[in-house]
Structures are given as C-alpha cells and as structure tokens.
Amino acid sequence: MKEIAEAAGVSISTVSLVLNGRDEGRVKAPLAALVREKADELGYTVNPLARSYALAAREFSASSARKLPPRRTQAASFWARKTRQAPTGT
C-alpha cells in the first residue's frame, strides 16, 4: 500500500480506505479512481491470508477488551492505599 500511496500522492490511509471499499463519502471519486488505477498499474492484489489475519486479530482484541475489568490508574491506586493507611483519630 505504501508504494500505491507514493505513486498516487496520497496517504496510506487513503489507499486503505479505497482498496477496502470504505471510501464512499470520505474520498472524492476522482482521487479514489486514481488510487485504483495506480493499484492496477502496480499489480496490487488482495492477500486473503493477511486480510483474514487482520480481521481475526481485530475480533480477538474486541472480545478480549470486553472481558477485562476497568483499569485503575496509578493515582487512584495511590490514594486508595493512602486513605486505608490514614490514622483513625487521636
């Protein structure tokens, strides 16, 4: 994708949007056509193994994130320990 982006004079993100069919409303039609033209010229083909790996990694990440408990910040942990250690009175 980097080579296509350089040839078309656009960002890698733009190339990704166009080649993955998510460019509608985000990339102007003439620019999307240019990206597709450059991809054809450079012989770009979709790698199904890479695509399936990326999709599986995203799905795993999303499903794992839902199972994690909320993360406490270091500051919150520090103050929680401090308040537990505070003297109860004199």
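Select D23 to begin, and show the residues around it: leaving aside residues up to four places away in sequence, D23 touches L17, V18, A32 and R36, where a contact means heavy atoms within 4.5 Å. D23 sits in the loop between α2 and α3, and with a relative accessibility of 10% it counts as buried, a word used for residues under 20% relative accessible area, while exposed means over 50% and partly exposed lies in between (1.4 Å probe, protein chains only).

The model on the screen is a predicted one, in which local features need pLDDT of at least 70 and side-chain atom pairs count only at pLDDT 80 or more, while totals for chains, interfaces and linings use all residues. Residues are numbered from 1 along each chain as its sequence is written, and side-chain values use heavy atoms, with hydrogens and water left out.

Next, select helix α2, residues 12-19, of which six of the eight residues are buried, so that this helix is largely enclosed by the rest of the structure.

Move on to K38, in helix α3, which spans residues 29-41. Is K38 buried or exposed? Its relative accessibility is 19%, so K38 counts as buried. Not counting residues up to four places away in sequence, K38 touches I4, A7 and A8, and if you pick the C-alpha atoms of K38 and E6, which are 32 residues apart along the chain, you will find them separated by 9.6 Å.

Finally, show the whole chain, which has five helices and zero strands, helices being DSSP runs (H or I) of at least four residues and strands (E) of at least two. Buried residues make up 19% of the 90 residues, and among contacts between residues at least 6 apart in sequence, 38% join residues at least 24 apart.
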